[in-house]
Every structure is written in structure tokens, then in C-alpha cells.
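Q: I have a structure open and want to go through its layout. Can we take it step by step?

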Amino acid sequence: MTVRTTVRREQIESEARSQLSILADEVRLHRRQRDLSLEALASLSGVSRSMISKIERGEAVPSTAVLSRLAEALGVTFSRLMAPETEREVLLIPASRQPVLRDDASGFLRRCLSPVLPGRGIDWVLNTLPPRASTGEFVAHRRGVSEYIYVLKGRLQAVIGDRILVANAGDSLYFEADAGHAFTNIGSGPCEYFLVIDASRLR
């Protein structure tokens, strides 16, 4: 192993620890702002009390499905839990500062591209799924939340409620997200797709 490889690995591990710390602080902040106990949030989200406690202590990396359940229960966007809010209206976000969540079990990579601004309800995310990997099922959002998908590379199977659709590179998909939904890479290579979650009608 070269010195450069070692330094890069240490940098990645440091960034992951920093992201875990931010996530822990944001989940705890929003739970307390809503005067929710761990038990109450567990009941609202369907995520166990012990898992929420571990997340708030920075001891567990939640899957994207778990984090989406917590965001829905707390009434915030996914990205809001991964970065502190900023007041700036013009904001360059370097790649190194874009919050990234990796699901170690599936290899699913979720990179938040949109800034977290007050009074907004938009999440813009770049998702990468390894071959044959699945996101797992995301909990239904509140009525009024929409999702937009654009497939950059690969083949993506979307299960939305009782419907199954396949989107290829260049295809786009729109749906009302008040039903459970899950995505699977059915291609032989990585699948990359942009996802926009629009909750602005709830504001």
C-alpha cells in the first residue's frame, strides 16, 4: 500500500466520521425541537429506539431507508438531516463538502447536491447503485411530495406502490411519492441517477 493510498483512506475515514457527527447533531436537534422522546420518534418513524440512540451518538451509519423514515417522521427533507441549514442564497458546494451517505450492506451511495436553505423543500441527490443492488423500500411521504428521476447510466427498476417500471439511461420518471417506493439496479454495471424530492407544496 502506497503512502498516497494510506493518506486517501485516512481522509475518507475522517470525512465519514465528520458526516456521522453532523447527522447525529441534526437528528438530535430536530427531535428536541419537536419535543419528542426517543420512544416517541421510534413510534412515529418505525425505527427502533436503540438505533435512533446509536445514530444520535454517532455510533451507527443508518441505511438510506432508515434515514428517510426519520426525515419523514421529523417533517424535514433527507438532506436537512445531513447538513446544517445556511442562510446564503448563492452557494457553491465543492464536491468535498457535499454530504455523502454510503450503505455498506448494499453499496448504495447517496450524494446530496442541493444546499440546505431555510424555507425550501427541495432535495437534489445523485444516487449510485452497484449491479443488482437495491435501495430497499422507502417509506411513503406525506401527500403532496413529488419525486423526479433522471437516469444517467444503467437500468433502474422502480417499484412505486403496486406498479413496476424500468427506466434506461436518458429516461426520466415522475411520481407522487405518497406510496412506498424502492429502486433496483437491474443492469450489469453501476446505475447512476439524479433524484429530486419536491416537498415545497407542503410549505
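Q: How many helices and strands does the protein have?
A: The protein has four helices and nine strands. Keep in mind that this is a predicted model.

Q: And what pattern do they follow along the sequence?
A: The pattern reads α-α-α-α-β-β-β-β-β-β-β-β-β.

Q: What share of the residues counts as buried?
A: Of the 203 residues, 42% count as buried.

Q: OK, the sheet. What is the strand order in the open sheet of six strands?
A: The order is S1-S2-S3-S9-S4-S7, and the pairing is antiparallel.

Q: Which strands stand at the edges?
A: Strand S1 (100–102) and S7 do. Each has a single partner strand, so one side of each is left without a neighbour in the sheet.

Q: What does the twist average from one strand to the next?
A: The average is 20 degrees.

Q: How many bridges join S3 to S9?
A: Eight bridges join strand S3 (residues 122–129) to S9, and the two run antiparallel. Within that pairing, Ile122 is opposite Asp198 of S9.

Q: And S4 to S9, how many there?
A: Seven bridges, again with the strands antiparallel; S9 covers residues 191–198. Here Val151 sits opposite Tyr193 in S9.

Q: What about S4 and S7, how many bridges?
A: Five bridges, in the antiparallel sense, between S4 (residues 146–153) and S7 (residues 172–176). Tyr150 faces Ser172 in S7 as its opposite residue.

Q: Switching to helices. How do the axes of H2 and H4 cross?
A: The axes of H2 (residues 38–45) and H4 (residues 64–74) cross at roughly 105 degrees and come within 9 Å. H2 and H4 are therefore roughly perpendicular to each other.

Q: Which residues make the contact?
A: From H2, Leu41, Leu44 and Ser45; from H4, Arg69, Leu70, Ala73 and Leu74. By type, the residues of this contact are five nonpolar, one polar and one charged.

Q: Now H3. Which of its residues are buried?
A: In H3 (residues 49–56), Ile52, Ser53, Ile55 and Glu56 are buried. They cover an arc of only 160 degrees around the axis, which puts them on the same side of H3.

Q: Why would residues three or four places apart point the same way?
A: An α-helix has 3.6 residues a turn, so residues at that spacing point the same way.

Technical notes: Residues are numbered from 1 along each chain as its sequence is written. This is a predicted model: local features need pLDDT of at least 70, side-chain atom pairs count only at pLDDT 80 or more; totals for chains, interfaces and linings use all residues. Side-chain values use heavy atoms; hydrogens and water are left out. Buried means under 20% relative accessible area, exposed over 50%, partly exposed in between (1.4 Å probe, protein chains only). The arc is that of the directions from the helix axis to the C-beta atoms. Two strands pair if DSSP finds at least two bridges between them. Axes are lines fitted to C-alpha atoms, for helices over the stretch in contact, and angles run from 0 to 180 degrees between N-to-C directions. Angles under 35 degrees count as roughly parallel, over 145 as roughly antiparallel, 65 to 115 as roughly perpendicular and the rest as oblique. Contact means heavy atoms within 4.5 Å. Ala, Val, Leu, Ile, Met, Phe, Trp, Tyr, Cys and Pro count as nonpolar, Asp, Glu, Lys and Arg as charged, and the others, Gly among them, as polar.
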